[in-house]
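Visitor: Please take a close look at one strand and what surrounds it. I would like the pairing, the ring contacts and the cut-offs behind each term.

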Amino acid sequence: MKSEPESRLEKGVDVKFSIEDLKAQPKQTACWDGVRNYQFTNGLCSGQCLHTSLGVLAKARNFLRAMQLGQEAFFYHSNCKEPGIAGLVKIVKEAYPDHTQFEKNNPHYDPSSKEDNPKWSMVDVQFVRMMKRYITLAELKTHYQAHKTTGGPLKNMALFTRQRLSVQPLTREEFDFILSLEEKEPS
């Protein structure tokens, strides 16, 4: 799940939210709000069932709605000097209406969404742990490029085949391969 670790103002509100910010929350838990893209949006999920149940044409909002209690996701820092995977989170509350869509002063306000038929959802996530080392986008891209030719686990990784998506599914094979990178020196 992608989030921005550095300050950026949107409609006068700082939308910064890093893994450190999540750790500082009560019970190290926060809602994952603001997903406003019908394409894939806010993160890298373990895809225990997401990638198969929704198919490759699924939308971000639908990925959030399909997330299941206890499912793990990578917390990915984006729009920063060195994008990459900072840690792991788990889903602790399944999808429910994103309250920010109704708040006129919120950067994520959507006047077309109605309280009796909300367009946008969010989930609650809880910090699990930091990665043993930060896994950079550049490192992931190196593996992706190699796997495209060798048929390795990252050959079809959504991060590279559907760029600019903030919630992205991963197959179990992709998820496990990325976890294994923690034990290796950066390539």
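Guide: Start with burial: a residue is buried under 20% relative accessible area, exposed over 50% and partly exposed in between, using a 1.4 Å probe and protein chains only. The model is predicted, so local features need pLDDT of at least 70 and side-chain atom pairs count only at pLDDT 80 or more, while totals for chains, interfaces and linings use all residues. Residues are numbered from 1 along each chain as its sequence is written, and side-chain values use heavy atoms, leaving out hydrogens and water.

The part to look at is strand E6, residues 72–77. Helices (H or I, at least four residues) and strands (E, at least two) are DSSP runs, numbered from the N terminus. E6 is mostly covered: five of its six residues are buried.

Now its partners. Two strands pair if DSSP finds at least two bridges between them. Strand E1 (residues 2–3) pairs with E6 in the parallel sense, over two bridges. There, Ser 3 stands opposite His 77. Strand E7 (residues 84–97) pairs with E6 in the antiparallel sense, over six bridges. E6 and E7 form a hairpin with six residues between them. In that turn, Asn 79 has a positive phi of about 50 degrees. Most residues other than glycine have a negative phi.

Next, the rings. Rings of Phe, Tyr and Trp (its six-membered ring) pair if their centres lie within 6.5 Å; planes under 30 degrees apart count as stacked, over 60 as edge-to-face and the rest as tilted. By this rule the count is four aromatic pairs. One of them joins Phe 17 and Phe 75; it is tilted, at 6.4 Å centre to centre and 40 degrees between the planes. Phe 17 lies in the loop between E3 and H1, Phe 75 in strand E6, 58 residues apart. Phe 75 is buried, with a relative accessible area of 0%. Phe 17 also counts as buried, at 19%.

Trp 32 lies in strand E4 and Phe 75 in E6, so the pair ties together parts 43 residues apart in sequence. Trp 32 is buried too, with a relative accessible area of 2%.

Put together, ring pairs link Phe 17, Trp 32 and Phe 75 into a cluster.
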